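Here is a short briefing for a first look at this structure. Keep the view open while reading.

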Amino acid sequence: MALNQSGWRPSTPQQGDGAPATFTGNRALMLEEPLIFEIGSTETTGVDFAAGDVAGSRLGDLTRTAPIGLAGLSEQETVRHYTRLSRQNYAIDLGLFPLGSCTMKHNPRLNEKVARLPGFADVHPLQPVDTVQGALGVINELAMWLIKLTGMYGVAMSPKAGAHGELCGILCIKAALEKRGEGHRKVVLVPESAHGTNPATAAFAGFTVEDIPATADGRVDTAALKARLGPDVAAVMITNPNTCGLFERDLKEISDAVHAAGGYVYCDGANFNAIVGRVRPGDLGVDAMHINLHKTFSTPHGGGGPGSGPVVLSEALAPFGPLPFTARTADGYVHLIEEERAEEFSNEHFDGTLDSFGRMTAFHGQMGMFTRALAYILSHGADGLRQVAEDAVLNANYVLRSLEDTLDAPFAASGPCMHEAIFSDRGLAEGFSTIDVAKGLIDEGFHPMTMYFPLVVHGAMLVEPTETESKAALDQFIGALRSVAERAKAGDMALKTAPHFAPRARLDETLAARKPVLRWKPPVAVAEAAE
Amino acid sequence: MSRYFTEDHEWIDVDGDIGTVGISDYAQGQLGDIVFVEVPDDGRRIAKGDEAAVVESVKAASDVYSPASGTVLEGNPALVDDPSLVNSDPEGEGWFFKITLSDPAELEELMDETAYAAFVAKL
Amino acid sequence: MRYLPLTPADRAEMLSVIGASSIDDLFADVPEAARLDGPIRDLPGHASELAVERHMTALARKNMVAGDVPFFLGAGAYRHHVPASVDHLIQRGEFLTAYTPYQPEIAQGTLQMLFEFQTQVASLLGTDVANASMYDGSTACWEAIGMARRITRRGKAILSGGLHPHYVSVAKTMAKYTGDVLDTALPVLGADTDIDALIAKIDDETSCVVVQYPDILGRIADLTPLADACHAKKALLIAVVTEPVALGAIRSPGEMDADIVVGEGQSLGVGLQFGGPYVGLFGCKEKYLRQTPGRFCGQTVDADGKRGFVLTLSTREQHIRREKATSNICTNSGLCALAFSIHMTLLGEAGLRRLAGINHANACRAADRLAKVPGVRVVNDTFFNEFTLDIGKEARPVVRALADRGVLAGVSLGRLYPGEDALANGLVVAVTETVTDDDVEALATALEEALA
């Protein structure tokens, strides 16, 4: 026979005995990546420009001569830098992302494609109105859908995100009260379980915030709320379905009572995903509700934005909504109503006068999110959107009932949950808390659930699977969470140091906050600062 | 010199008409690692129960209420550079501020060390 | 229903695990009167990918695309060439479909990117620190005014007439509810900025002066005397930059001692997108850090001593401080910040300076050419890549008429300041690296005919 000359003698891989350190610090596909300032230089650029003289002469005496300190990379290095960084992120494209209240659902790529059509992506917000009829048409068409899906009277499209939408709704309420001569109403009632943006928004608009307690079954204490109503109450801000994942059964009754007492009802629509197509907030007496397009209508979260927070409004509040807005006339033309034309359109669209509280942002809102949301809505249609809510609720209940024997589910007896299931840290071993379960889930290849929110549940774990998970994915997640929970109940110390397999172990947040380092500085500057 | 405690876990040491205020060892334990402390400006007049200082961990911010009325003499400058003193020595070097008491009689409503220990034991 | 993976068999099996007889059982908490018995009527049903794409494409075609015509619009949104790799990289699913980095061990990609973004923005604006982004320039501007109120404990803000009118509008809206008093002015169609007038207005009640650099008419002025005058009265100087590329050519506001510098970052990486989403830049002196709005990413180490990054200083924010938060902002513009940062990394300092140089040179040539059009006067002595023409007649209908001829000529001051006769003849013209000499010639010719 001819002997193998190459020296490569294939054999069954042997089991290793622990991972050795590597020269680079890399771990095969897990690559360490320095900062651009450590690998680039101010002389490097990845962009070619036309040659030629660029002497300028009209800058006054303000030419920037001092070094700026912006490191550049070549195109190849840039692509590699950001590709490497991207691989240190968990994302919905990688797996189930059960972050309660955040609605991490699949982001269809059709939406990305249409948003990039030059007719949407390469259009200036101040072009003459008849050169942007398609863009205004998108806004108008999406507005129509939002109004019909919510059963409301009007919609303000310009708010930039959910919290901006909340502000929009609260400013409408304030403007309406002032118009009625009741600007003295200063109190906004907010349930304890509310998102932090609710009280922050109300306070920003000059209102005093008062907490409304929850009942033992996880809902707003209707009796306490009603008892607090009076001539000083401007509004109630209520989340429905609420942050415990429960439908507020009494919302209509609450709305009627608030209206009878002269106030308005703001509904935080962060969880609209659970009820779209099954319930219209307008039928529950809501006066204003923001819709996070990045939650219910699946525009991508992008690692923290951009969002988009249109606000649907009741007939009582619609006249006070922000500028600009669109209006389609019988001839099919879509008008853009900015400051100067408000008068003209108030006669056409409202019996009374239009009384906009003003502008909340430059230009017209998050157009790039509108195109994506509209593509998503058209894809589903009225029937598909109803199915979205049904599957979201089905998936959450499946998780709840599959795990209630292992984890404490404080509201399991309150009936079905809506789009999210809530568990507490009760029953975990002494010294173990929600964070240990969360970090253990990371090692299992899942993003953790929302931790320690809402505040009304001790050690809360809020799980929102969303409708875009298959049963197989849910079963795997349930198995993983069950396993980690059992370990936490048994006091498995390995959980206290989890995650073990992530790009980083637990990070020292105390150090980051005590001595904030918020930007890179050249080593020389760091050394001088230390002296 | 005598030390009093509030139900909100502040303590005050009284020496003549000067009071030194901080938060209790129990309180620092509940907050976790302290990362920032904001102390009141010198000369500020505060009433008993007013929000006088803020103490922050990574995940929480808590107001510190003045146990007594008076005028602020000084905030503890050491906490600006080293807020961890509140963790390591809450009832000593980790004091927050000193005030000139305007109404020492208010102190009678507060708990002494024994009463506070009993109060905490029930929490 | 291509995005919904559950099969009818799955649903039936899951219902049985739950112990419910039908999906309606799960919605039992909805009051009967409010239950919808089926899909909402008079709305269409689901549609194929092909059908949706066709519908959206038809809408897109109704718009005049900036890249298809000679294009000169600016006034707060600028058309620049964005390298192809930017859009490719932001579409990586690990960036596009990640959430806010609340679990830092599995979000180091986003966090390191934010740390780099903060460094780039602070360097560009000339500030000690910069945050992880705001919604856009206009909302960042308002947040800065609110921050100045908290720092100075004063309630009067002086806004330059050169500040973008939409930014002024946003501030006016918010001030109605916070009780801030705003001293505002209109721009004057002349070569001089209103810096001297601003200095004269500062008094002991002034919280801040807000000035745009370059301003809405494109003019540039040294901010140093204004900063000195503010500081003499213990007021803050807030500088607003709507065209960040300019800072590759002209001194940063931070170098001129501005206390807070905010900006619109859209020019780099983001694109026009009919006005949004954009990315607000927010930088300031370090001593004001604790009063800032928005998120910060900070450097730290992990349990093994490796460098890593986390969101930090969160106690200023709404999810912890609730009604005492410095702002109600939660979601920001993460993905647009990424696009900005990638574009800036591709440019580097040398590239940014070169890009700025080309913009300015193009604008200088265009201004010289347009000045030769009979009846046209260039208002500015100073500018970067945007200047204002006085065309001797109302500009808004002229812009309208030129659009019919396939030229998007600029932004008329009539559009920005409706009803202000003294400004009606003004036309703001932006000239970036995307504008060719042929484009300028087309504008000059069309303008000449329109004015004849």
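Two strands pair if DSSP finds at least two bridges between them. With that in hand, B:Asp13 has B:Thr20 in β3(B) as its bridge partner. The model is predicted. The points below cover the sheets, the helices, the domains and the chain contacts.

**The sheet of chain B**

- Chain B holds an open sheet of 6 strands. Their order is β1-β2-β3-β9-β8-β5, and the pairing is antiparallel.
- The edges are β1 (2-5) and β5 (45-46) of chain B. Each has a single partner strand, so one side of each is left without a neighbour in the sheet.
- Strand β2 (residues 10-15) of chain B runs antiparallel to strand β3 (residues 18-23) of chain B, and 6 bridges join them.
- UniProt, in an unreviewed entry, lists "domain: Lipoyl-binding" at residues 18-100 of chain B.
- Residues 18-100 of chain B are 18% helix and 42% strand. The end C-alpha atoms of this span lie 5 Å apart.

**The sheet of chain C**

- Chain C has an open sheet of 7 strands with mixed pairing. The order is β1-β7-β6-β5-β4-β2-β3.
- At the edges stand β1 (129-130) and β3 (181-183) of chain C. One side of each is left without a neighbour in the sheet, because each has a single partner strand.
- β1(C) runs antiparallel to strand β7 (residues 280-284) of chain C, with 2 bridges between them. Here C:Val129 stands opposite C:Cys284 in β7(C).
- β2(C) pairs with β3(C) in the parallel sense over 3 bridges.
- Which residues stand opposite C:Lys156 in β3(C) and in β4(C)? In β3(C) it is C:Val181. In β4(C) it is C:Thr206.
- Strands of a sheet pair through backbone hydrogen bonds, either parallel or antiparallel.

**Helices across the sheet of chain C**

- Helix α7 (residues 137-152) of chain C lies across β2 (156-159), β4 (206-212), β5 (236-241), β6 (260-264) and β7 of chain C. Helix α7 of chain C runs at about 165° to β6(C).
- Helix α8 (residues 165-178) of chain C lies across β2, β3 and β5 of chain C. The angle between helix α8 of chain C and β3(C) is about 155°.

**Domains of chain C**

- Chain C divides into domain 1 (66-81 + 353-451) and domain 2 (84-343). Domain 1 of chain C is written in two segments.
- The C-alpha centres of domain 1 and domain 2 of chain C lie 27 Å apart.
- In the contact, 31 residues of domain 1 of chain C meet 26 residues of domain 2 of chain C.
- On the domain 1 side, the elements giving two or more residues are α12, β11 (386-390) and β13 (426-430) of chain C. The largest share, 6 residues, comes from α12(C).
- By class, this domain 1 side of chain C has 15 nonpolar, 10 polar and 6 charged residues.

**Domains of chain A**

- Chain A is split into domain 1 (111-372) and domain 2 (382-502). Taken over C-alpha atoms, 31 Å separate their centres.
- Here 19 residues of domain 1 of chain A are in contact with 20 residues of domain 2 of chain A.
- The domain 1 side of this contact in chain A holds 9 nonpolar, 7 polar and 3 charged residues.
- An unreviewed UniProt entry places "domain: Glycine dehydrogenase C-terminal" at residues 390-489 of chain A.
- Residues 390-489 of chain A are 43% helix and 8% strand, with the end C-alpha atoms 33 Å apart.

- The contact of chain B with chain A takes 5 residues from chain B and 4 residues from chain A.
- The chain B side has 4 nonpolar, no polar and 1 charged residues.

Technical notes
Residues numbered from 1 in each chain as written. Chains lettered and ligands numbered in written order. Predicted model: local features only at pLDDT ≥ 70, side-chain atom pairs only at ≥ 80, totals over all residues. Helix = DSSP H or I, 4+ residues; strand = E, 2+ residues; numbered from the N terminus. Contact = placed C-beta atoms within 7 Å. Axes fitted to C-alpha atoms, helices over the stretch in contact; angles between N-to-C directions. Nonpolar A, V, L, I, M, F, W, Y, C, P; charged D, E, K, R; others polar. Domains from an automatic or database assignment. UniProt positions renumbered as here; feature names shortened; annotations may be inferred.
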